[in-house]
Amino acid sequence: MAASTTERIAVMAVDDSEHSALAFDWYVNHFHKAENRLILVHCPETYANVTMMSPGRVQELIKECETKVKSIQDKFLEKMKSHGIQGEFIRLNGDKPGYQIVECAVNKKATFIVTGTRGQSKVRRTIMGSVSDYIVHHSPIPVLVCRHKLPSEIEKEEKERLKKEVKEKSAAPASKEKKEDKKH
């Protein structure tokens with residue numbers, strides 16, 4: 001069977017989180033194919049109650065948002081360029097990122113969607129909502145969810161494991177001594 005030369009379109013949701021960068025790296029190293037065209041999408045956070053803010057504060061928030069979006073765009077386009085990946089960056093507007101990402105993927109006739117996840121608990125996802133959760137449950141096309149533990153999370157788990165080991169080792173001789181006392 002000959003390799004297909006048909007372009008596949010991947011839509012990847014990106015933001016300024018480490019989870020997003022890890023998802024990009026995982027996609028590039030394990031899933032990307034030369035015929036894929038990658039569309040990076042970002043939906044900036046919106047601010048509620050801007051009508052209650054002064055015009056100066058609103059302008060300040062807009063400027064901060066534009067700077068943040070530009071930084072995300074530059075970062076990921078540079079990563080694409082360094083890996084020789086063809087594609088583009090699209091800024092999505094709206095206050096429902098999950099919905100916007102799915103709509104963009106459908107409109108672009110994407111083959112699949114890639115997203116990272118912060119690994120929130122079920123309760124937190126239920127209360128706060130989760131973009132990746134929304135995408136998985138509402139996308140009519142396949143979704144690749146890249147879940148990673150951050151180095152800080154791994155370090156914390158390792159410290160807790162070592163602490164538990166030390167505690168168990170120090171408790172073991174004491175319980176052994178108690179058993180010896182009972183024998184005598």
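Is Phe24 buried or exposed in this structure? Phe24 counts as buried, because its relative accessibility is 0%; buried means under 20% relative accessible area, exposed over 50%, and partly exposed in between, with a 1.4 Å probe and protein chains only.

Colleagues, a word on the basis of this talk. The model is predicted, so local features need pLDDT of at least 70 and side-chain atom pairs count only at pLDDT 80 or more, while totals for chains, interfaces and linings use all residues. Residues are numbered from 1 along each chain as its sequence is written, and side-chain values use heavy atoms, with hydrogens and water left out.

I turn to the core. A nonpolar core is a set of buried Ala, Val, Leu, Ile, Met, Phe, Trp, Tyr and Cys residues joined through side-chain atoms within 4.5 Å. The largest one has 20 residues, and Phe24, Tyr27 and Leu40 are among those touching the most other members.

Next, the aromatic rings. Rings of Phe, Tyr and Trp (its six-membered ring) pair if their centres lie within 6.5 Å; planes under 30 degrees apart count as stacked, over 60 as edge-to-face and the rest as tilted. There are four such pairs in the structure. Phe24 and Phe76 are edge-to-face, at 5.7 Å centre to centre and 65° between the planes. This pair joins helix α1 to helix α2, across 52 residues. Tyr27 and Phe31 are tilted, because their planes stand at 45°, with centres 6.4 Å apart.

Key. Helices (H or I, at least four residues) and strands (E, at least two) are DSSP runs, numbered from the N terminus.
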